[in-house]
Amino acid sequence: MSNPKKKINQGKALDVSFTKSQIDFLQLTGMNPAYIGGMGSGKSYIMGFKAVMEAHHSSEAIIGLYEPVNSLLKTVAMPNVERWLSEMGIAYTRNMQDHAIYTSQNGVGDFLFRSMDNPETLVGYEHYKCHLDELDTLSVESAEYIWTKVLGRNRQRPKGVPENEMLWNARQNRFEH
């Protein structure tokens, strides 16, 4: 299923094509939506797009992207985000030592890439939103432990996040980003 050109923050029109399930995923409003699909269904592809869209919420936003092993950061997650940034005309710098992509575009945040193969290293930083790719390839115990660790990093509150991007947390009786 193809959708019409979509206007992006910088005013550049993109000709993007998503499946119906990818479009449905992009429209989910829950705190931690999941995109579940078979091999080749575009999970990593849509993850990169959604991450870049969330980076548009604030220049201060840090988006975390996770892969099971380091090699997938370099071959899947980082190139996927770079593709969308390039298509949107957003200047960026890839820092392999930090496993990060830093944007130079006003109004667009940065990206941290982390491996899930050593959960004890998932400490000492915060991000605004996160995306975990291939979580199903881990054991149930590892996946649950990593999920908890990663969500604990999801506490950044960047300035300038639009009110319509905030979600009501009934448990804490407040809006959150």
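**Close-ups of a predicted protein model**

**View 1. Glu82 and Arg94 joined by a salt bridge.** Here the side chains of Glu82 and Arg94 meet in a salt bridge, 3.4 Å from N to O (the term covers a side-chain nitrogen of Lys or Arg within 4 Å of a carboxyl oxygen of Asp or Glu). The pair links distant parts of the chain, twelve residues apart: Glu82 sits in helix H3 (residues 70-87) and Arg94 in strand S4. Helices (H or I, at least four residues) and strands (E, at least two) are DSSP runs, numbered from the N terminus. Glu82 is buried, at 13% relative accessible area, while Arg94 is partly exposed, at 32%. Buried means under 20% relative accessible area, exposed means over 50%, and partly exposed is in between (1.4 Å probe, protein chains only).

A quick note on what you're looking at: this is a predicted model, where local features need pLDDT of at least 70 and side-chain atom pairs count only at pLDDT 80 or more, while totals for chains, interfaces and linings use all residues. Residues are numbered from 1 along each chain as its sequence is written, and side-chain values use heavy atoms, with hydrogens and water left out.

**View 2. The whole chain, for orientation.** Step back and you'll find four helices and nine strands in the protein chain. Read along the sequence, they come in the pattern β-β-α-α-β-α-β-β-β-β-α-β-β. Of the 177 residues, 42% are buried. Take the contacts (heavy atoms within 4.5 Å) between residues at least 6 apart in sequence: 57% of these join residues at least 24 apart. The chain exposes about 9,500 Å², and carbon and sulfur atoms supply 52% of that; areas come from the Shrake-Rupley method with a 1.4 Å probe, and for residues only the protein chains shown count as cover.

**View 3. Two other salt bridges.** A search of the whole structure turns up four salt bridges. In one of them, the side chains of Lys20 and Asp24 meet at 3.0 Å, N to O. These two are four residues apart in helix H1 (residues 20-26), so about one helical turn separates them. Asp24 counts as partly exposed, with 36% relative accessibility. Another bridge brings together the side chains of Glu126 and Arg155, at 3.1 Å, N to O. Glu126 lies in the loop between strand S6 (110-115) and S7, and Arg155 in the loop between H4 and strand S8 (167-169), so this pair ties together parts that are 29 residues apart in sequence. Glu126 is partly exposed at 36% relative accessible area, and Arg155 is partly exposed too, at 40%.

**View 4. Helix H2, largely enclosed by the rest of the structure.** Ten of the 13 residues of H2 are buried, which is why the helix counts as largely enclosed. Among those buried residues are Ile46, Met47, Gly48, Ala51 and Val52. Phe49 and Asn80 are 31 residues apart in sequence, yet their C-alpha atoms are 7.9 Å apart in space.

**View 5. Glu54, buried without a salt bridge.** Glu54 belongs to helix H2 (residues 43-55). Which side chain of opposite charge is nearest to Glu54? That is Lys50, 4.1 Å away; for charges, Lys and Arg count as positive and Asp and Glu as negative, with His and the chain ends not counted. Glu54 does have a partner in His131: their side chains make a polar contact at 2.6 Å. (That means N or O atoms within 3.5 Å; within protein, one must be able to donate a hydrogen and the other to accept it, and residues adjacent in sequence count only if both atoms are side-chain atoms.) Leaving out residues up to four places away in sequence, Glu54 touches Ala61, Ile63, Tyr128, Lys129 and His131.

**View 6. Positive phi at His99 and at Glu134.** His99 isn't a glycine, yet its phi is positive, near 50 degrees. You'll find His99 in the loop between strand S4 (92-95) and strand S5 (100-103), and His99 is buried, at 18% relative accessible area. Glu134, not a glycine either, has a positive phi of about 60 degrees. Glu134 sits in the loop between strand S7 (129-132) and helix H4 (140-153). Glu134 is partly exposed, at 28% relative accessible area.
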